[in-house]
Amino acid sequence: MNLIEAIKSVPDHRQPRGIRHPLWLILTIILLGSCTGYWGYKPLVDFTTNHRATLIKLFKLSPDVRFPSDSTLRNIIQSLDFEIIAILFSEVAKDCYSLIF
């Protein structure tokens, strides 16, 4: 399982009504933005603005995609079960490690 597949397997705890952005995309933005120094909700919005073209190309998104707002990012971060994410990342890291060694 690669990292994106792992992120896509995170259960979406949100109510179906009103969902505008797939959870995997939000989590990927949080991960990539945080890894590149965009700490906080508003900086993560800056990340999507600064890297819009790359994100669209990399993830084959529609050119008119709307990325999540700072309040959406905040709501997701505050409601995440980080234990699930930690387990998934451990599995991905273990898989990567076994490929190398």
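Colleague: Which residues of α2 are buried?

Modeller: The buried residues of α2 are L23, W24, L25, I26, L27, T28, I29, I30, G33 and S34, where buried means under 20% relative accessible area, exposed over 50% and partly exposed in between, with a 1.4 Å probe and protein chains only. This is a predicted model, in which local features need pLDDT of at least 70 and side-chain atom pairs count only at pLDDT 80 or more, while totals for chains, interfaces and linings use all residues. Residues are numbered from 1 along each chain as its sequence is written, and side-chain values use heavy atoms, with hydrogens and water left out.

Colleague: And what does that say about α2 as a whole?

Modeller: Ten of the 13 residues of α2 are buried, so this helix is largely enclosed by the rest of the structure; helices here are DSSP runs (H or I, at least four residues), numbered from the N terminus.

Colleague: How far apart are the end C-alpha atoms of α2?

Modeller: They are 18 Å apart, which agrees with the 18 Å that its 13 residues should span at 1.5 Å a residue, the expected span being 1.5 Å times one less than the number of residues.

Colleague: Switching to rings, how many aromatic pairs are there in the whole structure?

Modeller: The search finds two, where rings of Phe, Tyr and Trp (its six-membered ring) pair if their centres lie within 6.5 Å, and planes under 30 degrees apart count as stacked, over 60 as edge-to-face and the rest as tilted. The rings of W24 and F59 have centres 5.6 Å apart and planes at 70°, so that pair is edge-to-face. It links distant parts of the chain, since W24 lies in helix α2 and F59 in the loop between α4 (52-58) and α5 (70-79), 35 residues apart.

Colleague: What about Y38 and F47?

Modeller: Y38 and F47 also form an edge-to-face pair, at 5.2 Å centre to centre with 65° between the planes, and both Y38 and F47 are buried.

Colleague: Back to W24, what sits over its ring?

Modeller: The charged end of K8 does, 4.7 Å from the ring centre; the criterion is NZ of Lys or CZ of Arg within 6 Å of the ring centre and within 35 degrees of the ring normal.

Colleague: Last one, where is A6, and is it buried or exposed?

Modeller: A6 is in helix α1 and, at 1% relative accessibility, counts as buried. The C-alpha atoms of A6 and V92 are separated by 7.2 Å, although these residues are 86 residues apart along the chain.

Definitions and conventions
Helices (H or I, at least four residues) and strands (E, at least two) are DSSP runs, numbered from the N terminus.
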